[in-house]
Amino acid sequence: MKLENKIVIITGAGSGIGAATAKLFGAHKAIVVVSDINLESAQKVVDEITAEGGTASAIETDVTQFEQVETLIEQTVKTHGQLDVIVNNAGIGGKHQLKTADHTHDDWHNVIAVNQTGVFYCMQVAIKQMLAQGHGSMVNVASLAGLKASGNNLSYSASKYAVVGMTKSAALEYGRKNIRINAVCPGFTHSALLDQLLSISPDMGDKLKRFIPMGRFGEATEIAEAICWLASENSKFVTGQTITLDGGTSL
Ligand SMILES: NC(=O)c1ccc[n+]([C@@H]2O[C@H](COP(=O)([O-])OP(=O)(O)OC[C@H]3O[C@@H](n4cnc5c(N)ncnc54)[C@H](O)[C@@H]3O)[C@@H](O)[C@H]2O)c1
């Protein structure tokens, strides 16, 4: 993939899909800015990338804070001169699995703040930079929950439908400005977020796998492959698209 020397920011890259994506960009010789609300986990990912001969640095960012998002992008551009790629991956699942009538307002506000507003903030600041430099590629991490109904988690569903909508609408706006905006929609994928869901009951894993034609959960590295392809020039005629990686669950 054509990613050598590309300046890449990944949010929520201290764990799971974001960490796997940061490492894959590193392996493709991109210059990786590993951003997370948890600086310690981001630094661990940086250490792993550099141990493999890659180039990376860590920046602490809470994507719900607009000023922190501005600082992330300003600092990246100041250090590296431009921003070729941003992967808006930071996301949370919500603490409670409850139907809509019982959905807690805390979960609603927290999930929307990170998964929806956080992606909007990152898109807005990154697009301004990409407009100024005349190019850019963005990949948003949505979810199968942004394409199909999913019970007991309305805020998550709402936030991920929003990510798909923001991806398509912004892609329409900036196609002529040499800025491509795409999304991935993972199904159930091994990560801390999935572990949270599996901890609800001992048979949760088996229950979920019944809905997956391939009979297994995805690996973060499998999602990372699609993100890197969408970010790279190998997909240069692709914009406003979602790639579903779900072992067939959506079928
Ligand atoms: N794992 C799955 O089954 C699955 C399926 C579909 C979509 N996704 C999406 O993939 C993305 C990554 O999730 P994951 O599964 O790797 O989970 P994860 O919990 O392993 O990683 C999420 C990362 O986001 C960071 N984060 C949380 N709040 C943040 C904030 N306010 N600002 C910056 N960083 C923050 C966390 O510290 C963590 O490092 C999320 O957007 C999630 O919704 C995951």
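The axes of helix H3 (residues 66-80) and helix H4 (residues 105-133) come within 9 Å and cross at roughly 35° in this predicted model. Here helices (H or I, at least four residues) and strands (E, at least two) are DSSP runs, numbered from the N terminus. Axes are lines fitted to C-alpha atoms, for helices over the stretch in contact, and angles run from 0 to 180 degrees between N-to-C directions. H3 passes H4 in a right-handed crossing; a crossing is right-handed if the near helix is turned clockwise from the far one by less than a right angle, and left-handed if anticlockwise. On the side of H3, the contact is made by Phe66, Val69, Glu70, Ile73 and Val77, and on the side of H4 by Tyr121, Cys122, Gln124, Val125, Ala126 and Gln129, where contact means heavy atoms within 4.5 Å. These residues divide into eight nonpolar, two polar and one charged. In this classification Ala, Val, Leu, Ile, Met, Phe, Trp, Tyr, Cys and Pro count as nonpolar, Asp, Glu, Lys and Arg as charged, and the others, Gly among them, as polar.

The model is predicted, and local features need pLDDT of at least 70, side-chain atom pairs count only at pLDDT 80 or more, and totals for chains, interfaces and linings use all residues. Residues are numbered from 1 along each chain as its sequence is written, and side-chain values use heavy atoms, with hydrogens and water left out.

Seven strands form an open sheet with parallel pairing, in the order E3-E2-E1-E4-E5-E6-E7; two strands pair if DSSP finds at least two bridges between them. Strand E3 (55-60) and strand E7 (242-245) are the edge strands, each pairing on one side only. On average, and with direction ignored, neighbouring strands of this sheet are turned by 15° against each other. Strand E1 (residues 7-10) and strand E2 (residues 31-36) pair in the parallel sense over four bridges, and Ile7 stands opposite Ile31 in E2. E2 and E3 also run parallel and are joined by six bridges; the bridge partner of Val32 in E3 is Ala56.

In a regular strand the side chains alternate between the two faces of the sheet. Both faces of E1 are covered, with Ile7 and Ile9 buried on one side and Val8 and Ile10 buried on the other. Buried means under 20% relative accessible area, exposed over 50%, and partly exposed in between (1.4 Å probe, protein chains only).

Helix H1 lies across E1, E2, strand E4 (85-88) and strand E6 (179-186), and runs at about 170° to E1. Two packed helices are described by the angle between their axes and the distance between the axes. H1 (residues 16-27) and helix H2 (residues 39-51) pack at an angle of about 25°, with their axes 9 Å apart. That angle makes H1 roughly parallel to H2, a term for angles under 35 degrees, whereas those over 145 count as roughly antiparallel, 65 to 115 as roughly perpendicular and the rest as oblique. H1 passes H2 in a right-handed crossing. Ala19, Ala22, Lys23 and Gly26 of H1 make the contact with Val45, Glu48 and Ile49 of H2. By class, this contact of H1 with H2 has four nonpolar, one polar and two charged residues.

Gly26, located in helix H1, counts as buried because its relative accessibility is 5%. Gly26 touches Val32, Ile49 and Gly54, when residues up to four places away in sequence are not counted. The C-alpha atoms of Gly26 and Val8 are separated by 9.5 Å, and the two residues lie 18 residues apart along the chain.

H1 also packs with helix H8 (residues 220-231): their axes come within 8 Å and cross at roughly 55°. H1 and H8 are therefore oblique to each other, and their crossing is right-handed. The contact involves Gly16, Ile17, Ala20, Thr21, Leu24 and Phe25 of H1, together with Ala220, Thr221, Ile223, Ala224, Glu225, Ile227, Cys228 and Ala231 of H8. The contact of H1 with H8 has ten nonpolar, three polar and one charged residues.

Two asparagines have a positive phi. In Asn152, a residue other than glycine, phi is near 65°. Asn152 is placed in the loop between strand E5 (136-141) and helix H5 (154-174), and counts as partly exposed because its relative accessibility is 29%. Asn178, likewise not a glycine, has a positive phi of about 65° and lies in the loop between H5 and E6.
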